Amino acid sequence: MNLKGRDIISLDDLSDGQILYLLKKAEEFEKIEERGGCELLKGKILATLFFEPSTRTRLSFEAAMHRLGGRVIGFSGKEGTSVRKGENLADTIRTVENYCDAIVIRHPVEGSAKLAADFSSIPVINAGDGAHLHPTQTLLDLYTIKKEKKKFQGLTVALVGDLKYGRTVHSLSKALARFDANLILVSPEQLRMSPEFVSKLKRDYHVEIKEETKIEKVIKEIDVMYVTRIQRERFPDLTEFEKVKGLYKVTSLLLKNAKEGLIIMHPLPRVDEISPDVDKTRHAIYFKQAYYGIPVRMAILACLIKGE
Ligand code: NCD
């Protein structure tokens, strides 16, 4: 399966087989990472262009590249770059592609990663474009579910929180529907996933999708709970944010009614939507999930740059 030279803008660009192949490769790279890494990408350079804040995505891409023996250049925030002088994205990309072997980009504007890929002759990886998509987060989310649950088909997954502005849930809902999981969308009324997006999910994948406003109502029936932060920075009007702030919270009390094997995931960062007393329960796996960013991103970089 050769993915050399490909972009990852949306998981729609990859076949089921290619997604499963990347997950299988990630398992191999997890073992390699545990042994301290390898030299597979020695001499190669990755550029990380982050126009928006990031901790896990940027650092795990960078750590993954280092673990593969490669090097990293890049920036975090426009400050100190020519973007501050008014340079457009296309020109930035046409310049940076001469300095490296692959580009990871995070940008607040939907469609920006696609635009970058159109102007680049080297692989471009979308690390989040506005509220739109975050495909590599989805790959690590799928990897986490596969490790913990051994399957996707027939699982009941609740996506909880900001389903309107959250990009992780847009990418993940499509992927889970594609692999035949049942979805329950749990959010306050104001943060519902757009009806057009939900109808398209149902139409394209023929899966069962329920919508709820309270997690308490579905806690007994779910196998995976995927909690998300309210995306404060994407609200056009902050008074709207104030109205929904603190409207949902997962606590250890709520988990008394959960299935024994329920796993709780979160792309992180968390603000107040999961109370700290949940961290020590057997259900909480969000920090392990964050670790899985390393082997998954090693697999992505190895496949795109080297054709593993
Ligand atoms: C997410 C993102 O940036 O979309 N974080 C991440 O990549 N792990 C989720 C978020 O910011 O809430």
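Biologist: Over how many bridges do β5 and strand β8 (residues 224-227) pair?

Modeller: This is a predicted model, in which local features need pLDDT of at least 70, side-chain atom pairs count only at pLDDT 80 or more, and totals for chains, interfaces and linings use all residues. Residues are numbered from 1 along each chain as its sequence is written, and side-chain values use heavy atoms, with hydrogens and water left out. Strands (E, at least two residues) and helices (H or I, at least four) are DSSP runs numbered from the N terminus, and two strands pair if DSSP finds at least two bridges between them. For β5 and β8, which run in the parallel sense, the number of bridges is four.

Biologist: Which residue is the bridge partner of V160 in β8?

Modeller: V160 is on one side of β5, together with T156 and A158. Across in β8, the bridge partner of V160 is V227.

Biologist: How many of the five residues of strand β5 are buried?

Modeller: A residue is buried under 20% relative accessible area, exposed over 50%, and partly exposed in between (1.4 Å probe, protein chains only). In a regular strand the side chains alternate between the two faces of the sheet. In β5, T156, A158 and V160 are buried on one side, and V157 and L159 are buried on the other. Strand β5 is therefore largely enclosed by the rest of the structure, the number of buried residues being five of the five.

Biologist: What is the handedness of the β-α-β crossover from β5 through helix α6 to β6?

Modeller: β5 and β6 (residues 182-186) pair in the parallel sense over five bridges, and L159 stands opposite L185 in β6. The chain passes from β5 through α6 (residues 167-178) to β6. A crossover counts as right-handed if, with the strands pointing away from the viewer, the path from the first strand over the helix to the second runs clockwise. This crossover is right-handed.

Biologist: In β9, which residue is the bridge partner of Y226?

Modeller: Strand β8 is covered on both faces, with V224 and Y226 buried on one side and M225 and V227 buried on the other. β8 and β9 (residues 263-265) pair in the parallel sense over three bridges. The partner of Y226 in β9 is M265.

Biologist: How far apart do the C-alpha centres of domain 1 and domain 2 lie?

Modeller: Domain bounds come from an automatic or database domain assignment. That assignment gives domain 1 as 11-133 + 293-306 and domain 2 as 135-290. The distance between their C-alpha centres is 25 Å.

Biologist: About what area is buried between domain 1 and domain 2?

Modeller: Contact means heavy atoms within 4.5 Å, and 32 residues of domain 1 are in contact with 27 residues of domain 2. Buried area is the accessible area (1.4 Å probe) that two parts lose on being put together, summed over both. Carbon and sulfur atoms give 58% of this area, which is about 2,400 Å².

Biologist: The side chain of R234 meets which residue in a salt bridge?

Modeller: A salt bridge is a side-chain nitrogen of Lys or Arg within 4 Å of a carboxyl oxygen of Asp or Glu. R234 is buried, with a relative accessible area of 14%. At 3.0 Å from N to O, the partner of R234 is E52.

Biologist: D223 forms a salt bridge with which residue?

Modeller: D223 is buried, with a relative accessible area of 13%. The closest N and O atoms of the pair are 2.8 Å apart, and the partner of D223 is K259.

Biologist: By about how much are D204 and K200 separated in helix α7?

Modeller: D204 is partly exposed, with a relative accessible area of 36%, and K200 is partly exposed at 43%. Their side chains meet in a salt bridge of 2.6 Å, N to O. Because they are four residues apart in α7, D204 and K200 are separated by about one helical turn.

Biologist: Is K150 buried or exposed?

Modeller: K150 is found in the loop between α5 (135-149) and β5. Its phi is near 65°, a positive value in a residue other than glycine. With a relative accessible area of 65%, K150 is exposed.
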